[in-house]
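Subject: Structure for you to look at

Hello,

Here is the structure I said I would pass on. Please open it alongside this message.

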Amino acid sequence: MTNDSVLITGGTGFIGHHLVNRWLQQGMDITVLSRRPQWVQAQWGGRVAAVSTPEQLIGRFTLLVNLAGEGIAERRWSDARRQQLYDSRVTLTRELAVWARNSGQRFRAVLSGSAVGYYGAFSGEQSSPLDELAPAGDDFAARLCRDWEEAAAPLAALSERLLLLRTGVVLGADGGMLKKLRLPFSLGLGGVIGDGRQILSWIHLQDYLRAVDYLLQSELSGAVNMTAPQPVSNRGFTQTLAAALQRPALVPLPAFAARLLLGEMSELLLKGQYAEPVILDRSSFRFHFPGLSAALADLV
Ligand SMILES: NC(=O)c1ccc[n+]([C@@H]2O[C@H](COP(=O)([O-])OP(=O)(O)OC[C@H]3O[C@@H](n4cnc5c(N)ncnc54)[C@H](OP(=O)(O)O)[C@@H]3O)[C@@H](O)[C@H]2O)c1
């Protein structure tokens, strides 16, 4: 990918900044679209270009990776917050598609964000896994993902391949869910959430980054579940993380308390998705961390 010129949105985020670091090592020409171009400058100096609006973009890009979006689990979902979650993903993606058409871009591949929330949130243990052909759900997160994917659809006409990354919970040491859980679990304050049967579809950060690079080079297109092949229940996750940290996990969070604390956003914790990475499994991609124990042992 040495000769590639990649445009990334969300390049300053937890996942995105790891991609930028990785691509720098590969010698790629990188531009980050960010509300904080000065942060990009401070982080990577002149090695990474930064702009704050699509109109400022100059030249041609061979790859587009679109990950920008306000943190879905950062704040309660008020009407204003829902609008921010929507605009930072759907509106931005539509603007990108308009810019790409008007500036005559022709990409080799476009990877655009989505999440396993696309399938809707399920209570308890699901008996059968959801592959990439499963229909969209109908709750807020599902509609957000569906509209985000639809906003990216016009980019298919401007690219050899459009891939939609239906991402599960990305486990990395320096961001995302694991960073938030580490302190309470280290203090022995972790515990099962709700009835603990809801399924967590997760992926180790290193496998996510490797899968992105694999997809950029592959012949694949369409939706891809970016999840490890062995999802776990919330109870299983809790026990495995507590074991990895050698701490007890004795402080459960009952469903009513989660709802009281978080409102509708509590669905993210009390419900889950049993996603199956069928596209990646059938490809020549190989997960380094298919199971949670080894993933957490590596990360904590
Ligand atoms: N981490 C996970 O477990 C996970 C799971 C499923 C899906 N995803 C999706 O994957 C993407 C990346 O995840 P992440 O964990 O790396 O997210 P993150 O750390 O929260 O970073 C989000 C990025 O989005 C940009 N952004 C935030 N609000 C924005 C706004 N209002 N307008 C424009 N850009 C905005 C930020 O860029 P600037 O501040 O530079 O503008 C930031 O770099 C997100 O869209 C997320 O929904 C993540």
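This is a predicted model: local features need pLDDT of at least 70, side-chain atom pairs count only at pLDDT 80 or more; totals for chains, interfaces and linings use all residues.

Seven strands make up an open sheet. Their order is β3-β2-β1-β4-β5-β6-β10, and they pair in parallel. The edges are β3 (49-51) and β10 (222-226), each of which pairs on one side only. From one strand to the next, the twist averages 20°.

Look at β5 and β6 in particular. β6 covers residues 162-167 and runs parallel to β5, joined by six bridges. Ser-114 has Arg-166 of β6 as its bridge partner.

Helices on the sheet

Helix α4 (residues 140-152) packs on the sheet and touches β4 (63-66), β5 and β6. The direction of α4 makes about 170° with that of β5. Helix α6 (residues 205-217) also packs on the sheet. α6 touches β4, β5, β6 and β10, and its direction makes about 140° with that of β5.

Helix against helix

Two helix pairs deserve a look.

α3 and α4 pack with their axes 8 Å apart, at an angle of about 15°. That angle is under 35 degrees, so the two helices are roughly parallel to each other. The crossing of α3 past α4 is right-handed. On the α3 side, the contact is made by Arg-82, Leu-85, Tyr-86, Arg-89, Val-90, Thr-93, Arg-94 and Ala-97. On the α4 side are Phe-140, Leu-144, Asp-147, Trp-148, Ala-151 and Ala-152. By type, the residues of this contact are nine nonpolar, one polar and four charged.

α1 and α6 pack at about 60°, and their axes lie 11 Å apart. That makes α1 oblique to α6. α1 also passes α6 in a right-handed crossing. From α1, Ile-15, His-18, Leu-19 and Arg-22 meet Leu-205, Tyr-208, Leu-209 and Val-212 of α6. The residues of the α1 contact with α6 split into six nonpolar, one polar and one charged.

Best wishes

How values were computed: Residues are numbered from 1 along each chain as its sequence is written. Two strands pair if DSSP finds at least two bridges between them. Helices (H or I, at least four residues) and strands (E, at least two) are DSSP runs, numbered from the N terminus. Axes are lines fitted to C-alpha atoms, for helices over the stretch in contact, and angles run from 0 to 180 degrees between N-to-C directions. Two residues are in contact if their C-beta atoms, placed from the backbone, lie within 7 Å. Angles under 35 degrees count as roughly parallel, over 145 as roughly antiparallel, 65 to 115 as roughly perpendicular and the rest as oblique. A crossing is left-handed if the near helix is turned anticlockwise from the far one by less than a right angle, and right-handed if clockwise. Ala, Val, Leu, Ile, Met, Phe, Trp, Tyr, Cys and Pro count as nonpolar, Asp, Glu, Lys and Arg as charged, and the others, Gly among them, as polar.
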